[in-house]
Amino acid sequence: MPNRVSRCAKHRFLKPLERWRFGALAALVAGSLADWSTGGAAAQGGPQWTPLAWEAEAIYRGATIASDLVLPDAADSIDQFTAARMALLKPDGAGPFPAIALLHQCAGLNPAVAAWARRAVTRGYVVLLLDSLGPRDVRSVCFGPKNGVNFFRGARDAMQAAVHLRRQAYVDKNRVALVGFSWGAMVGLMVAGSHTVSALKFDKGFAAVASFYPGCFRVTPPNGRPPFDIVNSDVSQPLLVLMGDADTETPAPDCIDKLDALKRDARPVEWHLYPGATHCWDCQQLDGFSKIDFRGRRVEYHFRKDITEDSERRLFAFLERAMPKQLPQVSPSR
């Protein structure tokens with residue numbers, strides 16, 4: 001937990017028996033969160049925003065209801081990657097390369113996330129493309145957790161992916177990032193903070209985190225169980241957040257006031273708001289798709305090639321700044 005916290009970003013950790021009992025935790029994180037409360041920027045943002053977080057023991061219990069993923073050991077070339085699947089991908093050569101763990105949206109792997117894997121490998125990154133749903137027989141967590149797959153489980157998947165990448169001889173162990181989309185982006189916001197990382201029993205987080213169109217709301221589970229915030233005040237790693245101002249599924253105003261508060265507290269955050277961009281602007285396969293979201297609102301997706309290209313430029317420029325390549329030290333000549 002950081003030593004310096006501004007008045008606008010105080011972080012309150014719930015006591016283990018405050019308003020709930022640990023014995024109800026399994027039911028909480030395994031059940032549906034269809035009754036999520038998103039609040040609004042006016043209610044939760046600005047100087048009155050006081051983020052809530054579960055205690056470390058509760059986070060760890062929630063993250064370990066579902067079993068760990070079996071992560072791939074053998075690296076494939078990009079030519080072998082022909083469909084969206086969990087995979088470890090690397091550029092040609094011995095490295096060491098920077099690396100990215102990619103985490104999908106709430107409905108799992110799709111062609112858009114696979115396209116980001118290809119872009120990253122082409123730019124010289126090792127990629128571990130995660131699948132938090134399929135191996136656990138889950139099709140979607142868009143309406144809440146299923147089979148133990150919840151935000152905390154996603155965070156543990158991401159952290160285990162970071163450890164797995166650092167074990168590879170061809171990966172630069174100091175240059176491992178997480179890039180998440182929607183649900184995966186919300187997981188990214190959580191693991192950008194030191195409390196979640198330590199609660200999940202990891203000593204080291206990611207060198208950088210990038211979140212595409214995340215939700216920044218306060219999750220209020222049903223039945224009077226305690227809420228927790230997706231964004232917290234202890235962001236300790238460089239964080240990039242990309243949002244669309246026409247996104248009605250995860251509205252940008254829910255994020256911006258909180259990010260402003262973090263910036264005022266000198267946290268390493270930056271963001272960009274795209275005019276006219278909807279949720280999932282990079283999802284060409286969903287262009288024109290509409291649905292009813294978990295709050296009962298109709299949302300639409302519109303693919304934007306121009307914004308996808310700009311977000312690619314912003315993402316990799318951010319990663320280069322946040323994880324600069326270290327030049328080898330040269331011994332002084334005698």
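## Disulfides in the model

A disulfide here is a pair of cysteine sulfur atoms within 2.5 Å. The structure is a predicted model, in which local features need pLDDT of at least 70, side-chain atom pairs count only at pLDDT 80 or more, and totals for chains, interfaces and linings use all residues. Residues are numbered from 1 along each chain as its sequence is written, and side-chain values use heavy atoms, with hydrogens and water left out.

With that in hand, you will find 3 disulfides in the structure. Counting bonded cysteines along the protein chain, their pattern is 1-2, 3-4, 5-6.

## Cys106 and Cys142

Let's start with Cys106, which is joined to Cys142 with an S to S distance of 1.9 Å. Where do Cys106 and Cys142 lie? Cys106 sits in the loop between strand S4 (97–103) and helix H4 (111–122), and Cys142 in the loop between strand S5 (126–129) and helix H5 (151–166), so the pair ties together parts that are 36 residues apart in sequence. Helices (H or I, at least four residues) and strands (E, at least two) are DSSP runs, numbered from the N terminus.

The torsion about the S-S bond of Cys106 and Cys142 is about 85 degrees, which makes the disulfide right-handed. Cys106 is buried at 10% relative accessible area, and Cys142 also counts as buried, at 13%. Buried means under 20% relative accessible area, exposed over 50%, and partly exposed in between (1.4 Å probe, protein chains only).

## Cys216 and Cys255

Another disulfide joins Cys216 to Cys255, again with S to S 1.9 Å. Cys216 is in the loop between strand S7 (208–212) and strand S8 (218–219), while Cys255 belongs to helix H8 (residues 253–264); the pair links distant parts of the chain, 39 residues apart.

Is this disulfide right-handed or left-handed? The torsion about the S-S bond of Cys216 and Cys255 is about 90 degrees, so the link is right-handed. Cys216 is buried at 1% relative accessibility, and Cys255 is buried at 1% as well.

## Cys280 and Cys283

Cys280 and Cys283 form a disulfide with S to S 1.9 Å. Their link has -55 degrees about the S-S bond and is left-handed. Both cysteines, Cys280 and Cys283, are buried.

## Nonpolar cores

A nonpolar core is a set of buried Ala, Val, Leu, Ile, Met, Phe, Trp, Tyr and Cys residues joined through side-chain atoms within 4.5 Å. The largest one has 64 residues, and Phe151 and Phe206 have the most contacts inside it. Helix H5 supplies the largest share of this core, 8 residues. Apart from it lies another core of 39 residues, among them Cys280, Ala177, Val179 and Leu315.
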